[in-house]
Amino acid sequence: MRNRASIWNYHIMLLPGILLLVAFSVIPMFGIVIAFQDFQPTLGIFHSEWVGWENFAYMFSLPDSRLILGNTLTIALLKIIAGLAVPFVFALMFHEVANVKFKRTIQTIVYLPHFMSWVILSGVLINLLSLDGIVNQMIGWFGGDPIMFLQSNHWFRVVVVSSDVWKEFGFNTIIYIAALTSINTNLYEAAAIDGANRFQRLTNITIPGLMTTVILLATLSLGNVLNAGFEQILNLYNPIVYESGDIIDTYVYRSGLLEIQYGLATAVGLLKSVVSFILIAASYGLAARFANYRIF
């Protein structure tokens, strides 16, 4: 009886969170029927005209559909690759530092941007990368010409990917550092006795010990292939860089809220959600097979 009572206590504790989840994540899913309607706000969901797959057909007929999908995949894949590589290398270097106070200071500095919103960081980046910003001033000191980073299709993706890595690599580094602590220290001692130098211990013990974590994170990141960072790009992009920066989420925002094409925007969002669900399911299957990682 006591065990049952304690279990119900946990259920009651979870109840507010479950109610919020149902209210803001489950109930709104019934709105996906708008993707199959010529939705009119004045008529509502129940009285708007049913058009079937017309919104999806129109979506694929748009000349910008390939561009938007290509931008989304390119930016997302670059973020995934850089988001795995940079924290991995930083964690390896961080692990070799012996000064504990220095390590704690650096860890705090690189971890801090993770807690800042893109609204704040975008304002910082816009000021830094403007024509009279500190970055262009430094370029001018070396005799270079000012660069319009946020108005150039050549530079916009570079700014987006590099700023995302700068914001998140501190958080991802913690995962690798936690994995490093699980490596048996006796291996390092045995290797030192056998005459292995620091580089040999790194390549033969540390890196192989992290490969399971790398495989796991890389596999789970497949679910984010269509998530290129809506909040970041919305705060940084402008019509000049639509060619290189317009992604699925920003297109849904513009077409749905600004151009009042609710059916088209819902169709695009629904397609993205279905593809993302398939990729997430596949990623968990791959993680279970290659990294022995299971949730259920």
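Biologist: Where is the place of Lys-167?

Modeller: Lys-167 has its place in helix H7, which covers residues 156-181. Keep in mind throughout that this is a predicted model.

Biologist: Is Lys-167 buried or exposed?

Modeller: The cut-off for buried is under 20% relative accessible area. Lys-167 counts as buried because its relative accessibility is 6%.

Biologist: Which residues does Lys-167 touch, leaving aside those up to four places away in sequence?

Modeller: Lys-167 touches Pro-113, His-114, Met-116, Trp-118 and Leu-121.

Biologist: With which residue does Lys-167 form a salt bridge?

Modeller: The general idea is that side chains of opposite charge can pair when their charged atoms come close. In this structure Lys-167 forms a salt bridge with Glu-168, and their closest N and O atoms are 3.0 Å apart.

Biologist: How many salt bridges does the structure hold?

Modeller: The structure holds five salt bridges. One of them joins Glu-96 and Arg-198, with 3.4 Å between the closest N and O atoms. This pair links distant parts of the chain, 102 residues apart. Glu-96 is in the loop between helix H3 (65-95) and helix H4 (100-111), whereas Arg-198 is in helix H9 (residues 198-220).

Biologist: How should I read the accessibility of Glu-96 and of Arg-198?

Modeller: Take each residue separately. Glu-96 counts as partly exposed, at 31% relative accessibility. Arg-198 is exposed, with a relative accessible area of 54%.

Biologist: Now the ends of a helix. What is found at the start of helix H8, and which residue follows H8?

Modeller: Helix H8 covers residues 185-193. At its start, a side-chain oxygen of Asn-184 reaches to within 3.0 Å of the backbone nitrogen of Asn-186. After H8 comes Gly-195, with a positive phi near 95°.

Biologist: Into which domains is the protein chain divided?

Modeller: The division gives domain 1 (1-36) and domain 2 (52-291). Taken over C-alpha atoms, the centres of domain 1 and domain 2 are separated by 31 Å.

Biologist: How do I read the interface, and what is the area buried between domain 1 and domain 2?

Modeller: The size of an interface is often given as the accessible area lost when the parts come together. Here the area buried between domain 1 and domain 2 is about 550 Å², and carbon and sulfur atoms give 72% of that area. Of the area that domain 1 buries against domain 2, Ile-34, Ala-35 and Phe-36 supply 85%, more than any other three residues.

Biologist: How many residues of domain 1 are in contact with domain 2, and which kinds of residue are on that side?

Modeller: Five residues of domain 1 are in contact with nine residues of domain 2. Two residue pairs are in polar contact across the interface. The residues on the side of domain 1 that touches domain 2 are four nonpolar, one polar and no charged. Between domain 1 and domain 2 there are zero salt bridges.

Methods
Residues are numbered from 1 along each chain as its sequence is written. This is a predicted model: local features need pLDDT of at least 70, side-chain atom pairs count only at pLDDT 80 or more; totals for chains, interfaces and linings use all residues. Side-chain values use heavy atoms; hydrogens and water are left out. Domain bounds come from an automatic or database domain assignment. Contact means heavy atoms within 4.5 Å. Buried area is the accessible area (1.4 Å probe) that two parts lose on being put together, summed over both. A salt bridge is a side-chain nitrogen of Lys or Arg within 4 Å of a carboxyl oxygen of Asp or Glu. A polar contact is a pair of N or O atoms within 3.5 Å; within protein, one must be able to donate a hydrogen and the other to accept it, and residues adjacent in sequence count only if both atoms are side-chain atoms. Ala, Val, Leu, Ile, Met, Phe, Trp, Tyr, Cys and Pro count as nonpolar, Asp, Glu, Lys and Arg as charged, and the others, Gly among them, as polar. Helices (H or I, at least four residues) and strands (E, at least two) are DSSP runs, numbered from the N terminus. Buried means under 20% relative accessible area, exposed over 50%, partly exposed in between (1.4 Å probe, protein chains only).
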